[in-house]
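Reader: I would like to go through the fold of this chain and the packing around its strands. Please show the sequence and the structure before we start.

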Amino acid sequence: MSLRLSTVILPYRRWHEGGRAAWVRAEQLGFHTAYTYDHLSWRSFRDGPWFGAVPTLTAAAAATERLRLGTLVTSPNFRHPVTLAKELISLDDISGGRVTLGIGAGGTGFDATALGQEPWTPRERADRLAEFVPLLDRLLTEGAVSYEGRFYSAHEARNIPGCVQRPRLPFAVAATGPRGLRLAARHGQAWVTTGDPKLYESGTPEQSVEALRGQLAKLADACTETGRDVGGLDKVLLTGFTPDRARPLSSLDAFVDFAGRHRELGFTEIVVHWPIPDSDFAADQKVFERIAMEALAQLD
């Protein structure tokens, strides 16, 4: 499978002050998918502008024609499957079937307490995701759903006419633990990783590659356990959180080297952050655009 190159555009700019232009430019540059983060606020952006993921993606759908759109990632931290399903079906319809849902367990950031709750433990997050994903799957594929679970309920929830994409829009499940990997194997059309967070501060790129190799092996085991061919699952690397940090975007050659090493591991999609000045995602816009237009041709 050939490698795909995608980007993630953080929703920190007003739509008419650079927000729209980035999504339009992403399509012009030929990116496969443009994602955004689904947070209420995030890290250093907490005290600045930050807009909602679904309205942003809806506007992006209206401003583009071919570009796929998605979240990296949506989590149960402040979402409920019933209301989320209705929004996703609407977004899939408006975009003409161009939406991918990146979904994961979430973390302990601002989203975890914004609704007034105490942060969930890693086990509680995994428990909720294990119920959230199968229920969302049903809501997006069945016309009416009733369900009573430990965390979520649905009473005759209607989602007619369903997604444009059949049987539903694809799930890209972010996971590294055994339970999350099994969810990816059972319900995902793609699997997402950011690498091993323990290596970010003091690890090496070589150690990161080995860690990713191990994650891919565990994914294959999870697929075997569920009777699925791991080759049918896309493998997505969201960059910026490995020891390489921003180095892959420092030059075209640097990116081609980085992408080549990770394609050899088995990754089918690499996602790079749209440059944001004075942030962890700062990069030269001209170099970034050259990578978007020329890198994949050098990897063929």
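Author: What follows is a set of questions and answers on a predicted model.

Reader: In what order do the strands of the closed barrel run?

Author: The barrel has eight strands, and their pairing is parallel. From one strand to the next the twist averages 25°. The order is 1-2-3-4-7-8-9-10.

Reader: Which residue of strand 8 is the bridge partner of Val 173?

Author: Strand 7 covers residues 171-174 and strand 8 covers residues 190-193. The two pair in the parallel sense over three bridges. Within strand 8, the partner of Val 173 is Trp 191.

Reader: What angle does the direction of helix 6 make with that of strand 8?

Author: Helix 6 spans residues 205-225 and packs on the sheet, where it touches strand 8 and strand 9 (234-238). Strand 8, helix 6 and strand 9 form a β-α-β unit that is right-handed. The angle between the directions of helix 6 and strand 8 is about 150°.

Reader: Are the residues on the two faces of strand 9 buried or exposed?

Author: A residue counts as buried under 20% relative accessible area. On one side of strand 9 are Asp 234, Val 236 and Leu 238, and on the other are Lys 235 and Leu 237. Five of the five residues of strand 9 fall in this class, and both faces are covered. The residues on both faces are buried.

Reader: What is the handedness of the crossover from strand 9 to strand 10?

Author: Strand 9 pairs with strand 10 over three bridges in the parallel sense, and Leu 238 stands opposite Val 271 of strand 10. The chain passes from strand 9 through helix 7 to strand 10. This β-α-β crossover is right-handed.

Reader: At what angle to strand 10 does helix 7 run?

Author: Helix 7 takes in residues 252-265 and lies across strand 1 (4-8), strand 9 and strand 10 (269-273). Helix 7 runs to strand 10 at about 145°.

Reader: Why does Glu 142 count as partly exposed?

Author: Glu 142 sits in the loop between helix 4 (122-141) and strand 5 (144-148). Partly exposed lies between the cut-offs of 20% for buried and 50% for exposed. Glu 142 counts as partly exposed because its relative accessibility is 30%.

How values were computed:
Residues numbered from 1 in each chain as written. Predicted model: local features only at pLDDT ≥ 70, side-chain atom pairs only at ≥ 80, totals over all residues. Heavy atoms only, no water. Pairing = 2+ DSSP bridges. Helix = DSSP H or I, 4+ residues; strand = E, 2+ residues; numbered from the N terminus. Axes fitted to C-alpha atoms, helices over the stretch in contact; angles between N-to-C directions. Contact = heavy atoms within 4.5 Å. Buried < 20%, exposed > 50% of the residue type's maximum accessible area, 1.4 Å probe, protein only. Right-handed = clockwise from strand over helix to strand, strands pointing away.
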